[in-house]
Amino acid sequence: MRVAAATALTALLVPVLALGAGTDLGLPAAVAAESDKVTFTVGLTNEADSFNPFGGIEAPAFEAWGLMYDQLISYDMKDMSPKPGLADSWETSDDGLTWTFDLHPGVMWSDGEPLTARDVASTFNRIADGGYEANTWGSYLTSVKTVEAVDDVTVKMLLKKPNAVLPLLPIPILPEHIWGDIDDKEVKTYPNEPSDSQPVVGSGAFRFVEGTAGGSIYRFEANPDYWKGAPHIDEVVFRVFKNDDSAAQALTKGEIDLVYNINALQVKALEGQDGITAHNGVSPGFSEIAFNVGATDTETGEPLGDGNPVLQDPAFRHALGYAVDLDQIVAKAFQGAAEPGDTIVPSTYSNWKWDPPADQAFTFDLDKAGQLLDEAGYSLGSDGRRTMPDGSPIGTLRLMARSESKSSLTTMQFFAEWLDQIGIDSQVTSVESGKLTGLIIDGEYDAFEWGWYVEPDPDSMLSYLTCGQLGNWNDAWWCDKEYDALYQEQNSALSVEDRYTPVKRMQEIFFEQSPYLVTVYESIGEAVRSDRWACLQEQPDPGGTWVVQYGITSYLQVRPIEDAGDCDGVTTALNAGAAAGSGDQATAAGASDDSGSMPLVLGGVVLAVLVIGAGVVLTRRRATASDRE
């Protein structure tokens, strides 16, 4: 998924190493270059696109930033509610226009310089100025006027109007003494990668010491002086595999310690293997078929790329919603580890979600799809192919699937079959995610399959689809003035309740115009060498994932099983108590405890739904460009 992206933890996702299928290093994952190092190796299926926190959109990039940098606010492991990060506490004025954050004293950068409120202010002001830096993080600082350092440990944020998203600020705090010398032009290409002459300076629990964007391996050494306490391991290594099959094989061979984002069949196969624990973790995100509704040069307003003009018609796009068999996609593309989707807010966020009325909801009905196309002027010709309203041929729609994702390819192959049955020609092309991102930005596609994580507050996901994100996160090139006005309305509301109506209307508009056809809300498969490792904690707890979380708690807690103890009191963590011989294992997804969680069945997989106040809250943000799945 992308993360947004998201998205996200808040988003934030994981990198790995692009080895050819069947590559066998012949060494156990826990054995580092130096045999006395304790190394935790994570396998993923897409690369980090940038280690520059202003430039990346892939999930692995977000996960790397979490290791390298601290954030002002963190997220609770059980329910995703805000908790202290760099800020020990915060408060806001009654009118919501002034926010004050009190920082933890004594935090240091990895080069020995002190981290102060000036670093926070410079990071936030750079984003709030609305330049390149705002592309990823701007939605969190909507309406911010200024951010100022009152003293070394006090940050004051002044707003033009209330910002309903605050205090959620999953933004990496960067060192002013490094980034202050990187100007607005240079920041667009600044790699932020380690070299002999320029180490990467961060405040996080791990230091980035090896790797390049798009590369095959990323290494992070533990920071022994980390202000929250040193990690229990010496380093984290991310390895990228070309597909989830080769990553799962590496786990069984002992070449890696954890594999993230494997399919349900692989989870089932790994569950029965000695020394391995596998599960499907909750993933509050969605997958979609996205259309090129009219890519435009954002500077000149001229058409961009070579998208098929038929997809500029919302009536055509919406009709295709009845030509998608969601039950078939759930069963065949996701092996049952998903549920049918409909809108861009997942069903787990019930208070935020708009549900299409029964008479408007998409059903698999090829006759209805054909009828709606007829009514919109796309008639069947004598050859059984549909034409444009003026009688000219529609042509062949180019359907892009991601080469590293079986579910993506299967979904688009099915879609091509269904299009053929209603008289529309199409061709499926499998492309690597990084290349697909480029095609999207250039407008050189007709449709693609991908997905997003949606954060506990849907604001960031909603923001990605505004007109201001054309050419950046808005990958369907869709723009609607009413949608944008409603986004501003909900973003500046003073109460959550005042946001529900505009947020639901935004989903309704998006559903009616159908720049995306949302296919499923899925879970994420993971497996870990539980014969070696302990103290990984799910997020949300119980029922969530062990990595690719909002925050890096699992990386701080993970340790060899012989050192497990009680996992520092986290009794729900993997192998808690194992060293003492209790055999207690991580709470299974959906198992009950005293946290007030309720089980939810998603495509046959039990997921944990956490009730916070009046709303339902779960994990994650945009999975990102390549992890847009």
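**Exercise 1.** In this predicted model, find how many bridges join β4 to strand β5, and in which direction the two strands run.

*Solution.* Start with the pair itself: β4 and β5 (residues 98-103) run antiparallel and are joined by five bridges. Next, pick out a facing pair: threonine 92 stands opposite tryptophan 99 in β5. Now widen the view to the open sheet, where four strands follow the order β4-β5-β7-β6 with antiparallel pairing. Its edge strands, each pairing on one side only, are β4 (87-92) and β6 (144-151). On average, neighbouring strands here are turned by 20° against each other, direction ignored.

**Exercise 2.** Work out which strands helix α2 lies across.

*Solution.* Locate α2 at residues 117-128, then follow it over β5, β6 and β7 (154-159). Against β6, the helix runs at about 170°.

**Exercise 3.** Describe how α8 and α10 pack, and say which residues meet.

*Solution.* Two packed helices are described by the angle between their axes and the distance between the axes. For helix α8 (residues 326-333) and α10, the angle is about 145° and the axes are 10 Å apart. The crossing of α8 past α10 is right-handed. On the α8 side, Gln328, Ile329, Lys332 and Ala333 meet Ser407, Thr410, Thr411, Phe414 and Trp418 of α10. Sorted by type, the residues of this contact are four nonpolar, four polar and one charged.

**Exercise 4.** Check the span of α10 against its expected value, then look at what follows the helix.

*Solution.* With 16 residues (406-421), α10 reaches 23 Å from first to last C-alpha, close to the expected 22 Å. Its buried residues include Thr411, Phe414 and Trp418. After the helix comes glycine 423, with a positive phi near 90°.

Note on methods:
Residues numbered from 1 in each chain as written. Predicted model: local features only at pLDDT ≥ 70, side-chain atom pairs only at ≥ 80, totals over all residues. Heavy atoms only, no water. Expected span 1.5 Å × (residues − 1). Buried < 20%, exposed > 50% of the residue type's maximum accessible area, 1.4 Å probe, protein only. Axes fitted to C-alpha atoms, helices over the stretch in contact; angles between N-to-C directions. Left-handed = near helix turned anticlockwise from the far one by under 90°. Contact = heavy atoms within 4.5 Å. Nonpolar A, V, L, I, M, F, W, Y, C, P; charged D, E, K, R; others polar. Pairing = 2+ DSSP bridges.
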